[in-house]
Amino acid sequence: MNEIAVRCENLKKTFQTNSAVHNASVSVQKGEIMALLGPSGCGKTTTLRMIAGFERPDAGRIYVGERLVAGPGCFVPPEQRQVGMVFQNYALFPHMSVSDNVAYGLSRKVDRRACVAETLSLVGLSGTEKRMPHELSGGQQQRVALARALAPKPRVLLLDEPFSGLDEGLRDQLRGDVLQILRQSGATVILVTHNQEEALFLGDRVAVMHDGVVEQVAAPEQLYAQPASRFVAEFMGSAFFLHGVARPNGLETELGFLAQAVNVASGTPIEAATRPDDLTLIADPAGPARILNTIYRGGSYLYEVQLPSGNVVRCEGPHTVRHAAGEAVRIELTPGHGLAHFVRPL
Amino acid sequence: MLIFIASCQTEHFDEHSILSIGSERLKLSGLRSGYWSNQLPTWLLWAAGAAIAVALLLPLFYLIIRAAEAGPAAWQNLWRINTLATLLRTIGLAAAVTLLSGAIAAPLAWLTVRTDVPWRGLWAILAPLPLVFPSYVGAYLLVSLFGPRGLLQQLLEPIWGVERLPEIYGFPGALLTMTLLSYPYMFTSMRAALLRQDPALEEAARSLGDGGVRTFWRVSLPLLRPAIGAGGLLVALYTLRDFGAVAIMRYDTFTRAIYIQYRSFDRSQAALLALLLVGITLLFVWVEARMRLRGRYVQGDTGAVRPQPILHLGWWRWPAFCFCAAVALFSLILPALVLVYWLVRGLLVHETIPALGQAIGHSVLASGLAAIVITLAALPVAILVVRHAGRLSNLLERLTYSAFALPGIVIALALVFFGANHAPWLYQTLPLLILAYGVLFLPQALGVVRASLLQINPSLMEAARSLGKNRWRVLWDITLPLLRPGLWGSLSLIFLTAMKELPATLLLAPIGFSTLATAVWSAVSEAFFAAAAAPALLIVLLSSLPMLFEIIREKGHERNSRPL
């Protein structure tokens with residue numbers, strides 16, 4: 001069993017305005033990168049700030065390692081938690097040089113200069129010691145912020161929307177760089193993001209939050225293949241829902257029967273989370289379905305297709321063949337794996 | 001909105017704060033303000049805030065008590081025809097000054113923004129400068145120029161045998177002084193509005209079939225209305241509160257009547273008059289605040305996309321040029337020349353103020369102390385307002401601005417009552433004078449410090465906390481160094497503003513404590529015009545420093561304004 005670095009139990013925090021946390025429980029193992037994912041206003045940043053000690057939870061407990069840092073009658077101020085934070089705007093001290101920024105959190109006992117040099121070389125910024133923050137590019141500022149937070153060797157490193165301030169092109173490259181730095185430092189990391197791609201790329205595990213509640217904590221693959229709730233399925237990749245009924249050994253849907261493991265009682269109305277790559281479109285002038293819209297996406301076509309029932313599904317097709325809107329087609333259900341399914345509210 | 005009024009608090013016009021206030025408000029609402037304190041311990045902040053609130057409320061509270069104690073005779077006096085006449089004179093002067101200022105400022109603003117009048121850049125720079133003359137200096141210069149046995153009369157007598165000029169004392173002198181000194185308020189606000197105006201709006205009107213003149217009346221002028229209203233109310237407030245000019249011009253408005261009553265030791269009568277003045281001022285402040293709110297809504301934030309189209313005046317350029325030149329001549333160049341003349345003449349006949357060195361020393365002492373005390377007081381208030389937004393801190397902020405409703409003479413009078421009756425150990429001591437300065441100038445210090453604090457992102461403090469430093473270390477390492485420009489700005493602004501202050505200094509300074517401002521006042525009171533020149537010139541030179549700072553800061557700001 002791995003050592004637990006951070007454990008949050010039933011955190012609750014309400015504001016007069018917005019972004020409340022109702023029930024957030026998550027535990028992070030030592031050396032793990034946990035991505036806290038959710039749409040804006042879901043309470044993920046508030047959760048992060050409670051772990052850092054900038055907000056006091058209304059209820060629940062937070063442990064950093066074995067130590068209780070927030071709970072009933074207990075509140076450890078941020079400076080005593082050994083929790084590092086990289087802010088969305090980096091929050092570099094504008095009146096200090098790069099090396100003063102990085103050295104700020106180091107205790108007097110360590111060799112500050114050596115530690116600064118080591119940390120800066122880890123983030124690939126050796127030689128910028130004397131520069132001032134405003135003389136650096138956005139990506140460099142981010143790495144200084146990372147170095148500053150890493151230098152005191154925190155028990156956990158928190159990253160708040162680390163890439164939201166950067167341009168699209170730069171972002172992809174920096175994600176790779178940052179991931180490498182984090183792996184090398186061996187730090188335990190919690191990062192907050194609203195970008196699924198980012199969470200899947202960076203997170204060893206991903207915690208999906210919605211309306212102040214952690215809905216699922218799982219490895220990226222599992223999250224994508226086996227979403228625990230309708231929200232997770234919809235949020236994690238453009239899923240839509242096929243209506244159907246559960247059978248003992250599969251799902252009966254309007255696109256036919258799919259043999260798979262079923263986790264609800266036979267006969268229960270269900271909705272199955274389906275993605276465009278789970279369907280195959282076959283040209284068939286006698287087919288019952290009709291293409292509403294054809295969207296060219298470079299590597300593939302995306303079709304919006306109306307089924308006989310009137311429901312609309314999305315379906316992918318190869319970029320070599322174009323089917324025009326209005327064409328009659330046949331749709332087959334070909335996922336190659338079981339579909340996540342949920343009891344359909346009636 | 002309120003900083004706008006702050007500028008009429010004294011003779012100084014802090015353009016930077018006015019420009020920044022709108023965006024501050026927006027930023028404030030965007031910040032997380034209710035987070036767990038990363039500043040000073042909260043109880044300490046609130047204790048400081050409460051102490052400051054008490055100090056601010058003291059004058060008004062005491063004035064009300066004192067007025068309530070007034071006997072029936074005083075109340076009867078209040079309803080006499082005399083008071084009504086004072087009221088009419090006060091409001092009449094304010095109205096006349098506002099109208100005349102508008103008549104000067106509107107064409108000047110329009111000419112410098114929208115036409116090709118020769119040297120328009122120069123006129124735009126010169127027009128706000130008369131604000132460096134405190135009103136009593138302006139009045140002194142006008143009296144010494146146009147008064148009986150003044151410069152003009154002495155000049156004319158040998159040629160045409162003129163022995164008497166039309167009377168300058170009274171309404172004409174007060175009107176002229178106040179107009180020449182306060183039209184810049186209207187000019188600045190109208191010019192800013194004209195520059196912001198989107199030319200597309202006028203073009204839209206033209207394309208919809210309106211001619212040039214119709215467009216002016218139906219589109220251009222209504223768009224300017226908020227700026228005209230706001231600028232006009234500033235001028236009116238400035239006139240209502242002014243003491244120096246009306247006193248030197250011997251025109252009995254409320255401020256002078258209060259001073260006379262105070263000198264005649266009928267002090268509860270003075271208290272009643274002061275409360276009446278506070279009432280009128282409050283009314284103006286309220287109207288001004290309403291105008292500002294609406295004005296912001298009308299102006300929007302779009303800004304002019306393209307430069308303003310320039311109207312070619314043709315032959316009319318030259319009358320327009322003469323108008324601009326005449327304004328600059330009468331409001332700026334002539335007063336400056338007269339001041340230099342008196343200085344030179346005084347030096348030639350060795351008629352200088354006997355204790356100029358002492359006056360400088362006293363001014364520096366009182367203003368320096370005021371600058372330090374007021375800036376220190378503004379710091380906790382600013383932190384509360386910015387970082388602990390809530391109903392209570394909002395109340396404290398409004399309270400700070402209450403000084404806008406209290407003219408200097410009223411605050412001084414209230415503190416005289418308080419000191420004489422309840423704190424004889426404070427009466428006519430430096431601390432009581434500093435307290436008066438504090439009530440008068442805290443809003444300005446707060447404006448500067450708050451603007452500076454708003455530029456510091458709270459995540460900087462959080463970052464420092466998460467790197468293992470406690471609140472006091474964070475205050476020392478991060479907050480104070482980043483706040484330094486704001487603190488220096490506040491110190492220098494208060495220092496220079498306090499140095500010009502007249503009525504409170506006159507009433508509250510310790511006996512024999514002559515400052516530059518009171519030196520000018522007493523020399524002018526006895527018509528020793530040459531003796532007044534040296535201290536007046538020093539005051540004017542010092543008053544121009546903040547304008548210079550503003551220009552330098554704007555330039556520096558442009559260079560360093562890269563976001564972090």
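**Cores, a helix, an interface and a sheet**

Student: Which residues of the largest nonpolar core touch the most other members?
Tutor: A nonpolar core is a set of buried Ala, Val, Leu, Ile, Met, Phe, Trp, Tyr and Cys residues joined through C-beta atoms within 7 Å. A residue is buried if 20 or more other C-beta atoms lie within 10 Å of its own, exposed if 12 or fewer, and partly exposed in between, with C-beta atoms placed from the backbone. The largest such core has 157 residues, and those that touch the most other members are B:Y140, B:M190, B:I258, B:L413, B:A436 and B:V520.

Student: Which helix of chain B gives the most to this core?
Tutor: Helices (H or I, at least four residues) and strands (E, at least two) are DSSP runs, numbered from the N terminus. With 16 residues, the helix of chain B that gives the most to this core spans residues 430-454 and is α19.

Student: How is the model to be read, and how are its parts numbered?
Tutor: This is a predicted model, in which local features need pLDDT of at least 70 and side-chain atom pairs count only at pLDDT 80 or more, while totals for chains, interfaces and linings use all residues. Residues are numbered from 1 along each chain as its sequence is written, with chains lettered from A and ligands numbered from 1 in the order in which they are written.

Student: Why do the buried residues of α17(B) lie on the same side?
Tutor: In helix α17 (residues 391-400) of chain B, the buried residues are B:S393, B:L396, B:E397 and B:T400. The arc is that of the directions from the helix axis to the C-beta atoms. These residues share a side of α17(B) because they cover an arc of only 100°.

Student: Which residues are exposed on the other side of α17(B)?
Tutor: The buried residues of α17(B) pack against α3 (42-68), α16 (356-387) and α19 of chain B. On the other side of α17(B), the exposed residues are B:R391, B:N394, B:L395 and B:R398.

Student: How many residues does the contact take from chain A and from chain B?
Tutor: Two residues are in contact if their C-beta atoms, placed from the backbone, lie within 7 Å. The contact takes 21 residues from chain A and, from chain B, 19 residues.

Student: In what order do the 5 strands of the open sheet in chain A lie?
Tutor: Two strands pair if DSSP finds at least two bridges between them. The pairing in this sheet is antiparallel, and the order is β16-β20-β17-β18-β19.

Student: Which are the edge strands?
Tutor: Each edge strand pairs on one side only. In chain A they are β16 (279-283) and β19 (312-318).
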